[in-house]
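Student: I am new to this structure and would like to learn how to read it. Could you take me through it step by step?

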Amino acid sequence: MQMDSSLYNEVLYLCTMSQTTEKAKQLTGEDKFKNIVSHAKEYGFIFQSSEIYENGLSAVYDYGQYGAELKKNIREYWWRAMVQMHDNIVGIDAAIFMHPTTWKASGHVDAFNDPLIDNRDSKKRYRADVLIEDAMAKIEEKINKEVEKAAKRFGETFDAAMFRSTNARVVEYQNKIDATLSRFKTALENNNMEELKQIIIDMEIACPISGTRNWTDVRQFNLMFSTQLGSVAGESDTIYLRPETAQGIFVNFLNVQKTGRMKIPFGIAQTGKAFRNEIVARQFIFRMREFEQMEMQFFVRPGTENEWYEKWKQTRISWHRTLGFPEAKYRFHDHIKLAHYAKAACDIEFEFPFGFKELEGIHSRSDFDLKQHEQYSGKKLQYFDPELNQSYVPYVIETSIGLDRMFLATMSQAYQIETLEDGSERVVLNLPPFLAPIKAAILPLLNKDGLPEKAAEIVNLLKYDHIVTSEDKDTIGKRYRRQDAIGTPYCITVDHQTLEDNTVTIRERDTMKQERVHINELARIIDERVSMTAALKKL
Ligand code: ATP
């Protein structure tokens with residue numbers, strides 16, 4: 001029976017998913033993370049910035065030949081899903097440097113701070129809020145373990161909700177979390193640094209390096225990088241490297257609305273570099289000092305913001321789920337600390353090898369940003385709503401995702417070590433084919449007899465539509481492994497039969513199954529199987 005291509009892709013996808021679950025069990029947490037970091041370097045995805053100088057610059061990374069392609073494809077998936085698929089969203093590309101008053105209006109000059117604390121013994125610096133959140137997460141873990149144990153003991157009759165509300169130990173843990181959460185929230189709202197330190201002391205949080213509780217006071221630290229505009233320092237103004245791309249959208253709100261004749265509701269999207277002088281720069285590309293954001297501001301009529309907030313939450317989670325990673329890898333996390341102007345805010349968290357962490361933020365920001373810019377610039381940033389026959393400052397729903405974090409989430413999910421039937425191991429990047437850096441590798445079986453020339457013909461056939469590569473060194477088995485390790489979904493092998501009947505074998509990365517097809521069929525087959533369009537249609 002001939003399978004239609006979408007069914008074929010579903011079957012491949014299901015095979016991949018079942019293998020993934022099995023393999024994921026073998027390698028988790030810290031070990032998996034270390035493997036991913038070294039794999040990313042060894043295979044040309046990510047290098048430490050300027051590494052030849054004393055191990056390079058910390059928390060700054062360069063994307064290598066495969067990393068740049070994967071990153072570009074993730075960006076494209078976002079851009080097409082947000083801009084191309086929505087006739088009321090347009091994209092812009094604003095400059096990194098902005099007028100310094102922008103950052104006064106946005107609140108970044110006064111309030112873009114992180115509370116930091118040092119351990120005197122290890123000399124390590126931490127974010128006080130992160131220490132507290134991690135400590136609460138550990139208590140939560142203890143509760144979950146108690147619940148799991150009890151569920152095993154009581155079997156089918158187990159009532160988890162009842163157990164949580166009556167078991168003395170669980171209730172004690174929960175009370176501790178609730179009490180800390182309430183103190184934490186108030187301390188953050190009031191910028192009360194003494195109280196943050198007191199929570200750290202009361203929770204008996206120790207430095208993971210020195211193991212001691214010898215803490216300094218908590219201090220605020222502004223995360224913006226500054227530099228001078230113009231050549232004569234002193235005479236020139238201090239300007240900042242943008243810490244987020246969003247402000248480039250707000251200041252252009254009217255330009256785009258007027259020139260694009262946009263009607264509310266409408267969105268403006270942008271991808272680009274942002275810079276933050278992060279205190280605790282660790283976890284590889286999860287927290288960088290120079291990174292890339294993909295942000296969209298959606299302008300709505302006041303009073304409709306809740307509806308749009310819910311809609312954007314669903315639209316964004318569906319974008320993530322369409323990648324085919326397990327649903328359990330994502331969760332929503334509502335913010336406990338809301339900015340005074342914010343109506344609602346949540347994160348989409350992803351389960352990285354080091355636990356669930358923020359991947360994307362969705363924020364209902366009221367008319368705060370535009371009003372601030374009105375106030376500081378003295379220019380009106382209003383929209384005339386023809387249906388209401390009135391002008392107003394629109395409300396904003398923002399979706400904001402870090403491209404590098406998305407890259408790390410993708411790598412973490414894709415990286416697998418498989419044990420094959422013959423007992424050997426292979427490392428494979430199980431990337432969704434439309435994100436893979438190289439779509440197909442054309443491999444002449446031997447480096448002679450006219451096979452490399454035939455392979456070159458196939459490269460020429462495919463290269464106008466896809467990034468393809470050709471390799472003739474090493475055994476075919478070694479070449480397959482290398483392509484598996486960079487996530488190439490298809491290897492096309494040219495052998496002596498190819499010279500006779502113009503057929504080649506296509507080997508599929510995840511199943512390792514091979515099929516023999518005519519060269520005339522290749523372009524259609526590769527197009528169908530690596531198509532981003534198919535993913536966009538599922539959104
Ligand atoms: P965090 O709490 O992790 O510092 P944030 O809440 O400050 O993140 P936002 O200001 O909401 O982050 O930025 C939006 C997105 O940009 C985040 O969800 C994240 O994916 C990404 N991002 C933020 N800071 C960094 C960074 N230092 N390195 C890489 N990505 C980042």
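Tutor: Gladly! Let us begin with a term: contact means heavy atoms within 4.5 Å. Please keep in mind that this is a predicted model. By that cut-off, eleven residues of domain 1 are in contact with 13 residues of domain 2.

Student: Which stretches of the protein chain make up the domains?

Tutor: The domain assignment gives domain 1 as 68-111 + 223-420, domain 2 as 113-220 and domain 3 as 422-536. Between the C-alpha centres of domain 1 and domain 2 there are 29 Å.

Student: How much area do domain 1 and domain 2 bury between them?

Tutor: The size of an interface is often given as the accessible area lost when the parts come together. Here, domain 1 and domain 2 bury about 1100 Å², with 60% of it on carbon and sulfur atoms. On the domain 1 side, Ile 279, Ile 336 and Lys 337 supply 52% of the area buried against domain 2, more than any other three residues.

Student: How many salt bridges are there between domain 1 and domain 2?

Tutor: The count is one. Asp 134 forms a salt bridge with Lys 357, and their closest N and O atoms are 3.7 Å apart. By class, the side of domain 1 that touches domain 2 has six charged, five nonpolar and no polar residues.

Student: And what helices and strands does the protein chain have?

Tutor: The protein chain has 19 helices and 23 strands. Its radius of gyration is 26 Å, close to the 24 Å that the globule rule gives for 539 residues, so the protein chain is as compact as a globular protein of that length.

Methods:
Residues are numbered from 1 along each chain as its sequence is written. This is a predicted model: local features need pLDDT of at least 70, side-chain atom pairs count only at pLDDT 80 or more; totals for chains, interfaces and linings use all residues. Side-chain values use heavy atoms; hydrogens and water are left out. Domain bounds come from an automatic or database domain assignment. Buried area is the accessible area (1.4 Å probe) that two parts lose on being put together, summed over both. A salt bridge is a side-chain nitrogen of Lys or Arg within 4 Å of a carboxyl oxygen of Asp or Glu. Ala, Val, Leu, Ile, Met, Phe, Trp, Tyr, Cys and Pro count as nonpolar, Asp, Glu, Lys and Arg as charged, and the others, Gly among them, as polar. Helices (H or I, at least four residues) and strands (E, at least two) are DSSP runs, numbered from the N terminus. The radius of gyration is taken over C-alpha atoms; the globule rule is 2.2 Å times the number of residues to the power 0.38.
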